[in-house]
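Here is a short tour of one protein chain for anyone who likes to know what sits on the inside. Have the viewer open as you read.

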Amino acid sequence: MTGSALPTELSLVKVRFKGKGPVPSDVQRFLKPKMDLHEDSEKNIVTATFEFPGIKKEDVSIDVHNGRMTVSAESKISEEHDHEGYAVRERRFGKYSRTLQLPQGVTEDQIKASMVDGVLTVTFPKASTEAGPKKVSIS
């Protein structure tokens, strides 16, 4: 696509590297935290594990809305050093977000979360106990 208004990935890297300001707002995106998803059929539990290196649990948010769970966080660039003088800057900074569709019938009180050393572990039922078929008596 020649003449595209959006900068290429290489040009964005050059802009960041030279310290000439942030990425243009029209191409900013949420970073996706790395995730593992494990289903335990015997225990009827799903475990989602997210990596948030260097982020404190106070800076992580878990929101449940309309049967979807969104895990988000934000890491900020350290103001310890100015933007000039970096030869290499590989760490990622910005807003992280990942949304999962929850099994039907799962409520927020069934979701458990813990965070240790930048790893967030969230567990919830694979299927709600109420989600199974129900008998209706005929009168």
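Phe50 and Phe52 are both buried in this predicted model. Phe52 has a relative accessible area of 0%. Where do the aromatic pairs come in? A search of the whole structure turns up 2 of them. In one, the ring centres of Phe50 and Phe52 are 6.5 Å apart with the planes at 25°, so this pair counts as stacked.

| Aromatic pair | Centre to centre | Angle between planes | Type |
|---|---|---|---|
| Phe50 and Phe52 | 6.5 Å | 25° | stacked |

The pairing of Phe52 with Tyr96 ties together parts that are 44 residues apart in sequence, because Phe52 lies in the loop between strand 2 and strand 3 (60–65) while Tyr96 belongs to strand 5.

Now for the core. The largest nonpolar core holds 19 residues, and Phe50, Phe52, Val60, Met69, Leu120 and Phe124 are those with the most contacts inside it. Two or more residues each come from strand 2 (45–51), strand 4 (68–75), strand 5 (94–101) and strand 7 (119–125).

Which residues does Val60 touch? Leaving out neighbours within four places in sequence, Val60 is in contact with Phe52, Ile55, Val71, Ser72, Ala73, Met115 and Leu120.

Strand 5 also carries Ser97. Is Ser97 buried or exposed? Its relative accessibility is 17%, and the cut-off for buried is under 20%, so Ser97 counts as buried. Once residues up to four places away in sequence are set aside, Ser97 touches Phe30, Leu31, Lys32, Pro33, Thr70, Val71 and Ser72.

Stepping back to the whole chain, there are 1 helix and 7 strands. From the N terminus on, the elements run α-β-β-β-β-β-β-β. Of the contacts with a separation of 6 or more, 53% are between residues 24 or more positions apart. Buried residues make up 23% of the chain's 139 residues. The accessible surface comes to about 11,100 Å², with 51% of it belonging to carbon and sulfur atoms.

Key: Residues numbered from 1 in each chain as written. Predicted model: local features only at pLDDT ≥ 70, side-chain atom pairs only at ≥ 80, totals over all residues. Heavy atoms only, no water. Core = buried A, V, L, I, M, F, W, Y, C linked by side-chain atoms within 4.5 Å. Buried < 20%, exposed > 50% of the residue type's maximum accessible area, 1.4 Å probe, protein only. Helix = DSSP H or I, 4+ residues; strand = E, 2+ residues; numbered from the N terminus. Contact = heavy atoms within 4.5 Å. Phe/Tyr/Trp six-rings, centres within 6.5 Å; stacked < 30°, edge-to-face > 60°. Areas by Shrake-Rupley, 256 points an atom, 1.4 Å probe, with all protein chains shown as cover.
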